[in-house]
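Here is a short briefing on one protein model. Please keep the sequence and the structure in view while reading.

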Amino acid sequence: MSCSTNSQVLQSWIAARQARVIDWQRQMTAIPALGPENGGTGEMAKARYLESVLHDLGGVEILRVDAPDTRVPDGVRPNIVARMPGAGPRRLWLLGHMDVVPPGEAQAWKTDPWTLQVDGDRLIGRGVEDNQQAIVSMLLVAEALRATGVTPDLGLGLLFVSDEECGSRYGMEHVIRERPDLFGPEDLIVVPDMGVEDSSLIEVAEKGSVWVKVTVSGRQCHASTPEEGRNALVAASDMILHVKDVQARFAAVDPLFDSPSTFVPTRHEENVPNINTLPGKDVFYVDCRILPCYACQDVLDAFAATFGEIARQHGVDVTVEAYKTQPPTPVTPVDAPVVQRLSSAIRKVLGVTPRHLGIGGMTVAAVFRAQGFNAVGWATLGGTMHQPNEESRISRAIGDARVFAEMLFD
Ligand SMILES: [Zn+2]
């Protein structure tokens, strides 16, 4: 058989697995996998379920790279690595995250978030789109390889990780730190955790982020005698109105990105609890997403200079510090093999011409890029993740799985 025939064998097998998609989605939706930050006990129950599925498929080499975490009952956050051999040493890696976000406002859900609802092609429940649809697509490829007995040119590598929704420290960041040897320089890495409804968007770059904490210190006094104090709230408000001046100094445009750098005042801490005290301290935060041409420190320096001048005008002190920074990671070049192979598979299987774009971040693809691997984000998604009545489509899981299957052949 020629390679293209082998790909077709896999694809037609996958195309008839609607019932399997529903079954896997139903089982996973019934296991809330919430991280401790979200009031949950972690991903272990879901990991055990996925391990049993992989075990039942057979022919899959399963490995665990768990991250110690004393906040959860099991003491670890599970990360599963599953591999199936190809004809050559190269591997296609696909990554799905097991954790989900809480349902949010209960009244906004039309049905129980932890009980899968099936409505024709539509599947509804917490986690069905983010990121169980990817997990299902990945399992379909593994199941198809096993059921058809086809050996593809590339090996298949599946990663089921924890902690994506809360920063990936116990998830992909842990796996790549502990086992960088798993990934070869020629391997292809796709993270099916972002995308658009018509399948056309391949994410190849992300902005860096700087979360700036600004602390304004004046002098507290009784509100009836304002001349005796220095109002930190008024000074902070003046600074907030000048965030756009700082942003203007980072105005570069990059054709790879759909927007320039963004600087957004977000959180404000409560100052005084009562109305008749002039506040002597005020703390607020700015979320900055910067294009790869900028450095995090330059952003902090620019805020320090602009806010320092405003502080002088108000007779207060100000400190500008990084609450959290994530420098922009290297861009995955559009001519990288993973981009080329994924693009041609999307064209061939789905009949869609893909476009390449940088986004505001942050996905797990950036964890790979930071380590020097080319990785892309791609999936067919309707964009209901984190919302009430989150939904997926059976056809999207199957279509994406067929694209991944096609990528296994030279
Ligand atoms: Zn996700």
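This is a predicted model: local features need pLDDT of at least 70, side-chain atom pairs count only at pLDDT 80 or more; totals for chains, interfaces and linings use all residues.

Residues are numbered from 1 along each chain as its sequence is written, and side-chain values use heavy atoms, with hydrogens and water left out.

**Salt bridges**

- Asp-69 forms a salt bridge (a side-chain nitrogen of Lys or Arg within 4 Å of a carboxyl oxygen of Asp or Glu) with Arg-77, and the closest N and O atoms are 2.9 Å apart.
- Arg-77 is buried too, with a relative accessible area of 1%.
- Glu-197 pairs with Arg-396 in a salt bridge, with 3.5 Å between the closest N and O atoms.
- That pair links distant parts of the chain, 199 residues apart: Glu-197 sits in the loop between strand E9 (188-191) and strand E10 (201-206), Arg-396 in helix H11 (residues 394-407). Helices (H or I, at least four residues) and strands (E, at least two) are DSSP runs, numbered from the N terminus.
- Glu-197 is exposed at 54% relative accessible area, whereas Arg-396 is buried at 9%.
- Shared partners join Glu-37, Glu-43, Asp-69, Arg-71, Arg-77 and Asp-163 into one salt-bridge network.
- The count comes to 25 salt bridges.

- The protein donors of the zinc ion (N, O and S atoms within 2.8 Å of the metal, or 3.2 Å for Na, K and Ca; water is not among the atoms, so sites may look incomplete) are His-97 (NE2), Asp-130 (OD), Asp-193 (OD) and Asp-193 (OD), at 1.9 to 2.5 Å.
- His-97 in strand E5 (residues 91-97) and Asp-130 in helix H4 (residues 128-148) are 33 residues apart, and the pair links distant parts of the chain.
- The donors follow the spacing H-x32-D-x62-D along the chain.
- His-97 is buried at 0% relative accessible area, and Asp-130 is buried at 6%.

**Backbone**

- Most residues other than glycine have a negative phi, and most peptide bonds are trans.
- The peptide bond from Asp-130 to Asn-131 is cis, with omega near 15 degrees.
- Asp-163 has a positive phi, near 65 degrees, and lies in the loop between strand E8 (155-161) and helix H5 (172-178).
- Asp-163 is buried, with a relative accessible area of 1%.

Note on methods: Buried means under 20% relative accessible area, exposed over 50%, partly exposed in between (1.4 Å probe, protein chains only).
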